[in-house]
There are 2 protein chains.
Amino acid sequence: MSRQWNTLADDRRQRLARVGALASGKHVTAGEVVPLLEALLQPGDRVCIEGNNQKHADFLSACLAQVDPARVHDLHIVQSNLALASHLDVFERGIARKLDFCYSGEQGVRMARLIKDGRIEVGAIHTYLELYSRYFVDLTPRVAFVAAQSADAEGNLYTGPNTEDTPAVVEGTAFKSGIVIAQVNEIVERVPRVDVPADWVSFVVKAPKPHYIEPIFTRDPAQISEIQILMAMMVIKGIYDPYEVRRLNHGIGFDTAAIELILPTYAESLGLRGKICEYMSVNPCPTLIPAIESGFVKSIHCAGSELGMERYVEQRSDVFFNGPDGSMRSNRAFCQLAGHYADLFIGSTLQIDLEGNSSTATLNRIAGFGGAPNFGSESRGRRHSSHAWLKAGAESASGISRMPRGRKLVVQMVETFREKMQPTFVEQLDALQLQQDFNLDLPPVMIYGDDLTHLVTEEGIAHLHRCATLREREQAIRGVAGYTPAGLARDRRAVENLRDQGIIQRPEDLGIDARLATRDLLAAKSIKDLVRWSGGLYDPPKRFRHW
Amino acid sequence: MSRQWNTLADDRRQRLARVGALASGKHVTAGEVVPLLEALLQPGDRVCIEGNNQKHADFLSACLAQVDPARVHDLHIVQSNLALASHLDVFERGIARKLDFCYSGEQGVRMARLIKDGRIEVGAIHTYLELYSRYFVDLTPRVAFVAAQSADAEGNLYTGPNTEDTPAVVEGTAFKSGIVIAQVNEIVERVPRVDVPADWVSFVVKAPKPHYIEPIFTRDPAQISEIQILMAMMVIKGIYDPYEVRRLNHGIGFDTAAIELILPTYAESLGLRGKICEYMSVNPCPTLIPAIESGFVKSIHCAGSELGMERYVEQRSDVFFNGPDGSMRSNRAFCQLAGHYADLFIGSTLQIDLEGNSSTATLNRIAGFGGAPNFGSESRGRRHSSHAWLKAGAESASGISRMPRGRKLVVQMVETFREKMQPTFVEQLDALQLQQDFNLDLPPVMIYGDDLTHLVTEEGIAHLHRCATLREREQAIRGVAGYTPAGLARDRRAVENLRDQGIIQRPEDLGIDARLATRDLLAAKSIKDLVRWSGGLYDPPKRFRHW
């Protein structure tokens with residue numbers, strides 16, 4: 001008996017034949033999706049639900065949650081972000097059992113409960129790039145649900161500016177004899193541009209309402225504090241300037257928004273325009289508008305888009321990556337790659353231990369980290385050099401290698417106390433408790449201490465990569481940990497010694513007058529100011545309009 | 001005066017209008033390409049020439065070398081692989097000046113001369129993923145030349161199985177108002193599938209002959225030596241088995257071909273089918289055929305294709321990533337990513353120093369490393385676990401971190417002497433001399449010693465990740481360096497001590513009878529055997545047919 005080598009392609013043909021009557025060619029009506037899924041899916045299937053940071057195949061996901069668990073069960077869901085209730089309903093109803101994912105955000109508490117109850121069996125928690133990689137290795141989807149703005153009669157898809165994960169999901173599925181189902185907001189005669197060719201798509205359905213998009217990159221300048229402005233000044237003068245950081249990624253949050261908003265004022269006064277922050281790998285955060293308008297940022301490649309920024313991005317095609325149709329093409333895989341190989345990542349966290357390991361994991365939540373571990377880790381496969389990379393490499397205390405090497409700048413920017421006066425600096429991360437509670441293979445660390453080069457707090461900058469020993473690194477961390485218990489327990493002499501070496505720098509060591517750290521430095525003090533900077537092109541979502 | 005924000009789009013419109021008369025819509029005849037390029041290109045333009053490992057936009061590159069340097073000069077070429085004479089002619093003729101690239105292979109000597117002569121100014125030498133990343137950062141092409149199998153009247157492109165870098169090149173160019181020119185082998189009424197949508201493509205030209213493809217992944221089993229078979233046995237029994245290596249990347253060469261060819265014999269006899277080597281990120285190397293046919297390898301995602309393997313790959317769609325049309329879709333970006341996040345990379349090198357740093361760089365050549373540094377480096381952004389990754393992490397001598405972590409297996413497999421009895425083990429890599437000679441920022445190291453976990457020679461395996469100090473690592477390396485000067489200078493007591501700890505393992509320590517390491521173990525002893533294993537589907541290029 002000779003072995004069959006094309007069973008997946010045969011199986012696809014059979015499934016498509018089986019459901020043929022429910023579709024008109026590739027087109028399925030919204031009302032037929034549940035019966036179609038019941039006829040199409042088989043127990044144990046690996047199903048990829050497009051759940052990006054922002055864009056969600058929400059209608060298809062809700063339909064999946066409605067199928068009969070007696071017919072469709074034990075699915076293996078692969079999904080980068082779980083954000084909606086329906087994403088977990090499929091587990092609660094027994095339709096799905098196994099889960100491989102990246103980030104769960106607000107669903108983290110419910111997910112933790114479902115795991116404890118044995119309703120979800122977690123394969124692994126990934127970073128984005130890892131999960132996309134596994135679509136081409138051992139987590140190839142049998143069926144994928146994706147979301148797009150429009151489709152034409154043939155099934156060509158236009159994603160609009162939120163292309164995000166779609167190319168990776170579709171390529172992994174369509175080219176291993178899988179089935180791709182797209183929900184679209186509208187069917188049009190001709191799509192503005194083709195983001196996914198029709199022959200990669202099996203079914204198209206016009207959803208009853210447009211797919212859900214979350215505006216997660218909007219920060220209101222009104223909420224930026226003077227402490228954040230002081231830290232932003234230190235980052236610019238103490239890191240961006242000496243390292244000449246041109247290519248970078250900013251995390252999301254008010255800390256990095258503060259940096260963006262003082263580029264046109266503070267960094268301009270230092271003569272840094274054209275010298276720092278020229279190329280960014282980020283989403284189109286509205287707080288970037290003043291830095292773009294004043295000529296700091298030259299080019300931005302985006303992982304996804306941001307609600308309200310569509311027209312502004314279209315009118316700034318020299319800066320953003322837009323299609324011939326005018327709208328942006330984002331791509332999370334390439335943006336994550338670009339950020340990984342950039343010279344610097346800066347972001348914030350909830351907890352840091354005395355080795356510099358940091359995590360946003362908190363007890364009773366299974367959340368994951370999305371892209372941060374990828375941005376915030378040494379790019380050891382990098383071989384091209386830059387001033388920043390060579391300088392950081394040359395300064396690094398040597399480990400067990402004498403070979404000269406470059407190094408990525410990985411910066412964490414935190415206030416010493418976070419909400420409810422919880423200290424940011426801890427003897428032991430909650431991640432270790434979480435590991436025990438959920439029987440994880442490793443503690444969920446976001447950024448490892450030995451990947452971290454700089455720590456910035458309101459007390460100063462610690463140049464951790466220059467510390468030769470764990471004990472030195474510990475004192476450098478304590479030395480900027482302020483009035484937290486970890487900060488108070490510092491060895492004062494050791495800290496002063498580190499300061500003498502320039503491993504710890506206070507604002508005054510950097511020539512920064514802390515009294516100038518006021519909101520007057522912000523190029524925009526409100527959302528309305530951002531709209532003004534954009535010449536009216538930025539159209540903020542209602543919840544951010546306070547006028 | 002208000003700033004212009006869409007200058008690139010305006011410039012593209014102007015250029016397209018300027019050359020309009022030379023094209024019929026998007027279609028250009030071969031004879032018009034030189035005048036078209038002369039009218040289209042401007043001095044200083046950044047031009048990306050698709051030069052993959054295998055597929056080359058050779059006709060467009062040859063046309064570029066013919067333009068008038070008085071009109072077109074000082075171009076900045078970005079190109080992953082330089083393989084053809086015309087790729088360097090453009091520098092010799094003064095048409096181009098600056099170069100960012102990954103790999104130059106056989107052109108390395110000529111390139112070195114052109115650099116010395118000041119005809120080429122090298123920006124940087126990259127790994128593949130880094131260069132693709134920079135297409136979205138600071139090396140975005142203004143004009144890109146790509147190669148495809150066919151195009152339709154609209155300009156939709158079908159790449160055939162050698163998709164390779166095309167998606168990355170085109171996306172980076174088309175979405176920053178750049179111009180994409182595709183050379184194709186044929187114009188057809190309907191492409192078998194759409195690999196690049198027409199609206200991403202500016203011009204299409206049918207080249208006078210099919211684009212050049214290099215068969216670089218074919219290794220004739222007839223040339224595999226018994227030493228290579230012994231090393232392959234050690235790799236399987238000493239590494240793949242205990243670590244249960246399921247997801248991996250093989251470098252190219254006879255060493256890894258030997259592993260592939262004894263999977264169906266030796267690994268089968270150890271009961272390892274279904275336990276190792278299930279998921280691979282490699283090109284469709286013909287020496288993989290017996291391992292596929294005997295059920296070892298379940299899935300392979302490819303960076304590119306290999307000449308002669310087309311029909312075999314088409315008939316094995318359960319294993320390869322094929323399109324609905326039947327032919328393979330390769331993708332170097334995703335394949336490199338998948339390999340980076342896999343559990344193991346194994347490859348060979350020319351020189352290794354006593355810290356374990358290795359390089360294939362040789363004097364008077366500027367060659368680069370392509371993808372090896374990316375495959376062969378720790379994936380510090382990885383957060384999902386596997387048995388192999390956790391075991392390697394747990395065994396690793398801790399650096400300056402106490403936080404538990406996983407680790408990628410990075411293996412170098414070398415004979416102690418290479419061609420002309422040159423020792424593989426050296427006190428100092430030629431890379432350091434090369435750095436001096438060419439004034440490079442860093443020595444061109446392919447794989448750094450602190451990323452390397454295992455070294456395999458005919459004398460044994462050194463588990464380098466378990467060495468706590470540089471001195472211990474040095475003795476572990478000397479301990480498998482055979483009769484080379486480095487090997488002879490070993491501290492015998494230290495080496496025996498390492499062997500007692502299992503850090504060094506000889507074949508007999510692994511229960512391997514070296515007398516069984518004969519060519520009888522090879523599942524295929526010749527190219528003809530491979531054809532037979534494939535049921536006649538593998539169609540080797542003429543130069544490999546010796547019957």
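Me: How many residue pairs are in polar contact between chain A and chain B?

Reply: In this predicted model, the count is 57 residue pairs, with both residues at pLDDT 80 or more. On the side of chain A that touches chain B, helix H6 (residues 128-135) of chain A gives the most, with five residues. That side divides into 43 nonpolar, 26 polar and 30 charged residues.

Me: Why is the meeting of Arg405(A) and Asp450(B) called a salt bridge?

Reply: Check the distance: N to O, it comes out at 2.9 Å. The cut-off is 4 Å between a side-chain nitrogen of Lys or Arg and a carboxyl oxygen of Asp or Glu, so the pair Arg405(A) and Asp450(B) qualifies. Between chain A and chain B the count is 14 salt bridges.

Me: What area is buried between chain A and chain B?

Reply: About 8600 Å², and carbon and sulfur atoms give 56% of that. In chain A, Trp5(A), Phe175(A) and Arg383(A) lose the most area to chain B, together 10% of what that side buries.

Me: Now inside chain A: what makes Asp195(A) and Arg329(A) a salt bridge?

Reply: Their closest N and O atoms are 2.9 Å apart. The limit is 4 Å, so this pair counts too. Across the interface of domain 1 and domain 2 of chain A, the rule finds four salt bridges.

Definitions and conventions. Residues numbered from 1 in each chain as written. Chains lettered and ligands numbered in written order. Predicted model: local features only at pLDDT ≥ 70, side-chain atom pairs only at ≥ 80, totals over all residues. Heavy atoms only, no water. Buried area = accessible area lost by both parts, 1.4 Å probe. Polar contact = N/O pair within 3.5 Å; in protein donor to acceptor, adjacent residues only side chain to side chain. Helix = DSSP H or I, 4+ residues; strand = E, 2+ residues; numbered from the N terminus. Nonpolar A, V, L, I, M, F, W, Y, C, P; charged D, E, K, R; others polar.
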